[in-house]
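Here is a short tour of one structure. Take a look at it before reading on.

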Amino acid sequence: MNDNILIRNETPADYAAVETMTRKSFWNLYVPGCNEHYLVHIMRAHPDFLPELDYVMEKEGQIIGNIMYTKAKLIDETGAEKVILTFGPVCIAPENQRKGYGKKLLAYSFEQALALGYEVIVIYGDPGNYVGSGFTSCKKHNVCLPDGQFPSAMLVKELKPHALDGQKWVYRQSPVFEFDEQAAQRYDDTLKPWEKKTQPSQEIFYIHSHSVVL
């Protein structure tokens, strides 16, 4: 790991670089094109966004990574709500991936989130990318969607051990993730055009995102 690494809060001066890096990281990865850079663009103004947990990673003065957190909820069988976290988009610039930087950025953000009093993180992601950072299947924690399903891609990490205490929980993510895809396309149309392609990673994403744990 390069020692010339700095993790700090994002500032307005970083916005353009972070959005460009996010677009580059996700382009054609899950679908032809991507919307993640638009989500970054609108997320910062949403009330569920947590600027204190919005971090960039610098390597030799250049931004190579970013993670953004928002509030989410878990609801137990009595209807009581527990405020938790989700993160995303999270990315490392393509030329710096598979070098341990993402895991380092995650670990740092977990420490800060716990220090702020948050106990649980729920995300959607490729399990292969996150089990090494302590995430496990949502079913192991009895965390489901409102329809009772346990998606394969829904993963849970307890920052505080036993925070979920074996109860049944229903996960509700922030409305910021339910954005207008036409608005996202209009935003992308203002940027330099990049070629949209079909590639195998999109089929892998489709399988993960449409699978459930029984």
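## Around Glu-19

Leaving aside residues up to four places away in sequence, Glu-19 touches His-37, Val-40, His-41, Arg-44 and Tyr-187. The model is predicted. Glu-19 sits in helix α1, which covers residues 15–26.

Glu-19 counts as buried, at 11% relative accessibility. The side chains of Glu-19 and Arg-44 are joined by a polar contact of 2.7 Å.

Strand β2 spans residues 55–59. It is largely enclosed by the rest of the structure, because 5 of its 5 residues are buried. In a regular strand, side chains alternate between the two faces of the sheet. From β2, Tyr-55, Met-57 and Lys-59 point one way, while Val-56 and Glu-58 point the other way.

Strand β1 (residues 5–9) runs antiparallel to β2, joined by 5 bridges. Ile-5 has Lys-59 as its bridge partner in β2. Strand β3 (residues 62–75) also pairs with β2 in the antiparallel sense, over 5 bridges. Here Glu-58 stands opposite Ile-63. β2 and β3 form a hairpin with 2 residues between them. In the turn, Glu-60 has a positive phi of about 50°.

## Cysteines

How many disulfides does the structure hold? The count is 0. The sulfur of Cys-34 lies 9.8 Å from the closest cysteine sulfur, in Cys-91, so the pair is too far apart for a bond. Cys-144 is in no disulfide either, and its nearest cysteine sulfur, that of Cys-138, is 8.0 Å away.

Cys-34 is buried, with a relative accessible area of 7%. Cys-144 is buried too, at 1%.

Note on methods: Residues are numbered from 1 along each chain as its sequence is written. This is a predicted model: local features need pLDDT of at least 70, side-chain atom pairs count only at pLDDT 80 or more; totals for chains, interfaces and linings use all residues. Side-chain values use heavy atoms; hydrogens and water are left out. A disulfide is a pair of cysteine sulfur atoms within 2.5 Å. Buried means under 20% relative accessible area, exposed over 50%, partly exposed in between (1.4 Å probe, protein chains only). Helices (H or I, at least four residues) and strands (E, at least two) are DSSP runs, numbered from the N terminus. A polar contact is a pair of N or O atoms within 3.5 Å; within protein, one must be able to donate a hydrogen and the other to accept it, and residues adjacent in sequence count only if both atoms are side-chain atoms. Contact means heavy atoms within 4.5 Å. Two strands pair if DSSP finds at least two bridges between them.
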